[in-house]
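Work through the exercises below with the sequence and the 3D view side by side, and try each task before you read its solution.

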Amino acid sequence: MADYDFYTLFDSLEFQDFARDMVQIREGITFESFARGTDLGIDGRYVLKDGSVIIFQAKSIRNTSGKILDIAKKERKKLDKLSGMGIRIFRYILVFSDALGVIKKSQIMKLFSHIF
C-alpha cells in the first residue's frame, strides 16, 4: 500500500473535501456540506429515512504525541452535545490526515464505542 502524506499534500479544506469525496464514493451516499465556521462541528451530514444521521468529520493534523487523542476526545464531546440536542446519530465517520498506530486506533475506537 502506498504511503501518502495527506497532511503535506492538502491544506485543511482541501483534505476535508478529498476525504469527504472518498467516503461518499465508498459509502454510496452524498453528504450535505456546510459553510466554514460555526457548524456544530459537522463537516458533512447524511440524513437517513428515519431521521437519524451519519456525521462526517475530517481532521488535517500530524499524529504527534497525544494530539490526535485529544482531538478525538473533543469530537466525542461534540457528539454528546449533538445527542443532547435531540440529534439521533446513526454513525460517525472521523478521518485523520495522518496514519495512526494500533494503540491510538484502539483508544479512539473505545472512546466512541458507547455512542450508538
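**Exercise 1.** State what share of the protein chain counts as buried.

Solution. Start from the cut-offs: buried means under 20% relative accessible area, exposed over 50%, and partly exposed in between, with a 1.4 Å probe and protein chains only. Of the 116 residues of the chain, 34% count as buried by this rule. The model is a predicted one, in which local features need pLDDT of at least 70 and side-chain atom pairs count only at pLDDT 80 or more, while totals for chains, interfaces and linings use all residues. Residues are numbered from 1 along each chain as its sequence is written, and side-chain values use heavy atoms, with hydrogens and water left out.

**Exercise 2.** Find the element in which Ser 33 lies, and decide whether Ser 33 is buried, exposed or partly exposed.

Solution. Strands are DSSP runs of E with at least two residues, and helices are runs of H or I with at least four, numbered from the N terminus. Ser 33 lies in strand E1, which covers residues 32-33. Because its relative accessibility is 44%, Ser 33 counts as partly exposed.

**Exercise 3.** Identify the residues that Ser 33 touches, leaving out those up to four places away in sequence.

Solution. A contact requires heavy atoms within 4.5 Å, and with that exclusion Ser 33 touches Arg 20 and Asp 43. As a further step, compare Asp 17, which is 16 residues from Ser 33 along the chain, and whose C-alpha atom is separated from that of Ser 33 by 9.2 Å.

**Exercise 4.** Describe the order of helices and strands along the chain.

Solution. The chain has four helices and four strands, and read along the sequence they follow the pattern α-α-β-β-β-α-β-α.
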